[in-house]
Amino acid sequence: MYTVRKVTDDLYYVGGDDRRLALFENIFPIPEGVSYNSYLLMDEKTVLIDAVDWAITREYMVNVARVLNGRDLDYLIVHHMEPDHCSSIELMLQRYPNLKIISSEKGIMFMRQFGYHVDDRYIEVKEGDTVSFGKHEFTFVEAPMVHWPEVLMSYDSYDKVLFSADAFGSFIANNGRLFADEVNWDRDYLDEGRRYYTNIVGKYGTFVQKALAKAGGLDLKYICPLHGLVWRDNFGYIIDKYVHWATYEPEEEGVLIVYASMYGNTEFAAQALASKLCEKGMTNISLRDVSSTHVSTLIAESFKYSNIVLASVTYNLGIYPVMLNYLEDMKALNLQNRAISIIGNGTWAPQAAEKMEKFIDEEMRLMDVLPEGLDMVSSLKKAKEPDMDAMVDGILESMKKRREEKEKTASQNKGKK
């Protein structure tokens, strides 16, 4: 039995799934696994398109040999030199002594840094270079910082396939499926696709925008990423998601409430705010405990929603440590263009609200801290209800303002056409 599937008449999927790995990059939980995608083109020349992580190399070697069916392997294209895609390179070079690697100059440099003995068995390509393998001709596109500096994408003009490296990928093992239209992607994959992009590539939005501009001019029939499912229709859907994420525009009008609570009092205030928002008709709310929600999920939802509420108890005269970690991650991943509301709590020296606002003002870009906030001493009191009502009104007003600005921009753009 084999785990090979056809993408086109000449192109085969020969990758595999890793359902044993607990933490991707030893950081991000992947309870539903991840795929390592590799493709094999059978033309006048045989071309392996990217390799895989060491964890599935045995299965991978069997798949490749099965499709080759006795033929030699001529080329291995390496779009991205991160070890989860390249740990098997050395073994492939040994197994197929006539194999030549096609990659970028930095890609070859990274191979040597990782200790792979490529010697003179490589061909360097750069932006705009083309290589013909028979009827299939590949054009190479440089995509630096999506999400490493050596990254290439390539376009097969015969089958109209974009090999997109880490772009358009997702967590979740493929589990025998290959194409995005074989699943309910919006329901079952969108959250993990967002978490994958925002945490791994999110910092480099301007570079992703440049790559999207290059891809936008192509006649596409397939997008083949290095993780997740292959796209063969509905390209506008996934490209629209990437445009939102890369430009730091919220996907949805809604509120992410992230709270840090030691004994439940700050949590109660966060819940009270959620209730009041729902009473006013804003029910698109995600309420998250910063201590029990992995920061990668918090980051993904921060990219999703238009408004973020930070509710933190004071700890050692500062911001609660896991809340500070979340803020540092937002800063590191360049999140911007959000309306922020703040709830602070403390018993003998409340400092959290002031320090969170200072962090956002001084360390982050294009964040709007709304003036309506809530300061508590130990617990939420009835006397603070007007402040919370004002906070709700401020959040709703910020949403209205964003809608109006968006409509104004759309109208101006329409007028220019």
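## Largest pocket

In this predicted model, 18 residues line the largest pocket, and Glu249, Asn337, Arg402, Arg403 and Glu405 lie nearest its centre. A pocket is an open set of points on a 1 Å grid over the protein atoms alone, with protein on both sides within 12 Å along at least five of seven lines; lining residues have an atom within 4 Å of a point. The space in this pocket is about 490 Å³, a volume being the space filled by probe spheres set on the points, which are joined across faces, edges and corners.

Helix H13 (385–416) is among the elements that each supply at least two lining residues, and H13 gives the most, with six. Helices (H or I, at least four residues) and strands (E, at least two) are DSSP runs numbered from the N terminus. The lining has four nonpolar, three polar and eleven charged residues. Ala, Val, Leu, Ile, Met, Phe, Trp, Tyr, Cys and Pro count as nonpolar, Asp, Glu, Lys and Arg as charged, and the others, Gly among them, as polar.

## Second largest pocket

The second largest pocket holds about 320 Å³ of space. Its lining has seven nonpolar, ten polar and no charged residues. Strand E19 (305–315) is one of the contributors, and E19 gives the most, three residues.

## Cavity

One cavity of 30 Å³ or more is found in the whole structure; a cavity is a set of points where a 1.4 Å probe fits but cannot get out. The largest cavity contains about 50 Å³, and its lining is ten nonpolar residues, with no polar and no charged ones. Helix H7 (residues 205–216) provides the largest share, four residues.

## Basis

Residues are numbered from 1 along each chain as its sequence is written. The model is predicted, so local features need pLDDT of at least 70 and side-chain atom pairs count only at pLDDT 80 or more, while totals for chains, interfaces and linings use all residues; side-chain values use heavy atoms, leaving out hydrogens and water.
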